[in-house]
Amino acid sequence: MSHDTAMNNASLNAIRSAATPALLKAARIEAQNRLYGELTSMPIQAWNREVSDLHDAVMTQACRCCEEEMIREGFGPPPSHYAFIAFGSVGRAEPTLWSDQDNGLIYGEGDVEELEAYFEPFGRKLSEILEQVGYPPCPGSVMLSNPLWRGNLASWERQLLEWRDILAWEQVRYLMIAADLRHIFGEASLTVALRKTMKAIMEADQGSDRDVVTAILRNTVRHKAALNILGQVITEQSGEHAGDFDVKYGLYIPIVNAVRYLALQYGVEASSTWERISQLVQLEAVPTRWLESCSRAFGTAVKLRSLVPPEVDNGLLTGTHYLPQEMLKQKELRRELRESLSTVKVMYRTLQRQHRYAERKWL
């Protein structure tokens, strides 16, 4: 076993044995500091896998701490099996060290009122514990403390079908979020069942004017590559980040959204962007050279997201998603960024053609 592997295992063991939120936070801080120090010395995909493992371990232990607190407060143990699931970058297993909360809860069958009487305070408490150990609340409230993202399989199916039937911009955005769900803790069969339902909903009516995947394409092409017609990187024009580059929305999210759309179009079930690209290559659904460029651009996006200089807040790393203009002056970084944005531009030109064809088809 290598020294790095032994250190990683020791960090994860410290997290898994943390009996309180305070101890869990301390174990997370130690692990995050070690990983941050290794960012530039490891291949980005391997480094990101370790970051994902760190978050999975912290969130799993947070669930266990929550169960213990519920028992101490007189609620007792969970009245049914449940699954804690993640969305967003954690759901795709590609988080930064300072990701916020994007999560949900699936619970088993039984008396609906009894189950909700337990899991409503459970959801609030678990969100609070996650915040205590370093996960800020999701700005869009995609959290298990929000009843929209918590329920049994039947209520989840009703919610997904409602979004599918409306297919307005907001409902399509929710379906895009749900498409990235990944199991973190609890009864895995509940997550498997929800993913199966999700797949059936995504595939329903394909080729019709109520096609979910076409609606997702419509939302996806709203993003534009942050390159101007002269091939120059478009930075923020005003505000506190004037002159900085928005890595998240200028590069990372456009790639995530494009690859998600292609994965849904071709029936790829993986939630990880890297895994989606790999499976699309195997299917030969999209030109391999195109996907190889996409994979390189995505590696750059993930790396640049974590190279954003973080701040330290009470021991925890916190970061924005803006690359400062000082870093943009680095020749190699600017070259990588420009190449990646050129790839995004080509991707979106292709997707926009598909979108125009789909729109004309239903006129």
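**Exercise 1. A polar pair**

Task: In this predicted model, which side chain makes a polar contact with the side chain of D56?

Solution: 
- Step 1. The partner is R182: the two side chains make a polar contact at 2.9 Å.
- Step 2. Locate D56. Its place is in helix α3, which spans residues 44-72.
- Step 3. List the contacts, leaving aside neighbours within four places in sequence. D56 is then in contact with R182 and I184.

**Exercise 2. Two accessible areas**

Task: Classify D56 and S155 as buried, partly exposed or exposed.

Solution: 
- Step 1. Set the cut-offs. Buried is under 20% relative accessible area, exposed is over 50%, and partly exposed lies in between.
- Step 2. Take D56. Its relative accessible area is 17%, so D56 is buried.
- Step 3. Take S155. Its relative accessible area is 21%, so S155 is partly exposed.
- Step 4. Relate S155 to V112. They are 43 residues apart in sequence. In space, their C-alpha atoms are 10.0 Å apart.

**Exercise 3. Helix α7**

Task: Is helix α7 largely enclosed by the rest of the structure or largely open? Say what its buried residues pack against.

Solution: 
- Step 1. Count. Helix α7 covers residues 169-178, and seven of its 10 residues are buried.
- Step 2. Name them. The buried residues are Q171, V172, Y174, L175, M176, I177 and A178.
- Step 3. Conclude. With seven of 10 buried, α7 is largely enclosed by the rest of the structure.
- Step 4. Find the packing partners. The buried residues of α7 pack against α6 (153-166), α8 (188-203), α9 (212-220) and α10 (247-265).

**Exercise 4. The whole chain**

Solution: 
- Step 1. Count the elements. There are 14 helices and eight strands.
- Step 2. Along the principal axes, the C-alpha atoms fill roughly 65 × 50 × 45 Å.
- Step 3. Check burial. Of the 363 residues, 52% count as buried.
- Step 4. Check contact range. Take contacts between residues at least 6 apart in sequence: 73% join residues at least 24 apart.

**Exercise 5. Surface and charge**

Solution: 
- Step 1. The chain exposes about 16600 Å², and carbon and sulfur atoms supply 51% of it.
- Step 2. There are 40 positive and 46 negative side chains.
- Step 3. The centres of these two sets lie 9 Å apart.

Definitions and conventions: Residues numbered from 1 in each chain as written. Predicted model: local features only at pLDDT ≥ 70, side-chain atom pairs only at ≥ 80, totals over all residues. Heavy atoms only, no water. Helix = DSSP H or I, 4+ residues; strand = E, 2+ residues; numbered from the N terminus. Buried < 20%, exposed > 50% of the residue type's maximum accessible area, 1.4 Å probe, protein only. Contact = heavy atoms within 4.5 Å. Areas by Shrake-Rupley, 256 points an atom, 1.4 Å probe, with all protein chains shown as cover. Lys, Arg positive; Asp, Glu negative; His and termini not counted. Charge placed at Lys NZ, Arg CZ, Asp CG, Glu CD. Polar contact = N/O pair within 3.5 Å; in protein donor to acceptor, adjacent residues only side chain to side chain.
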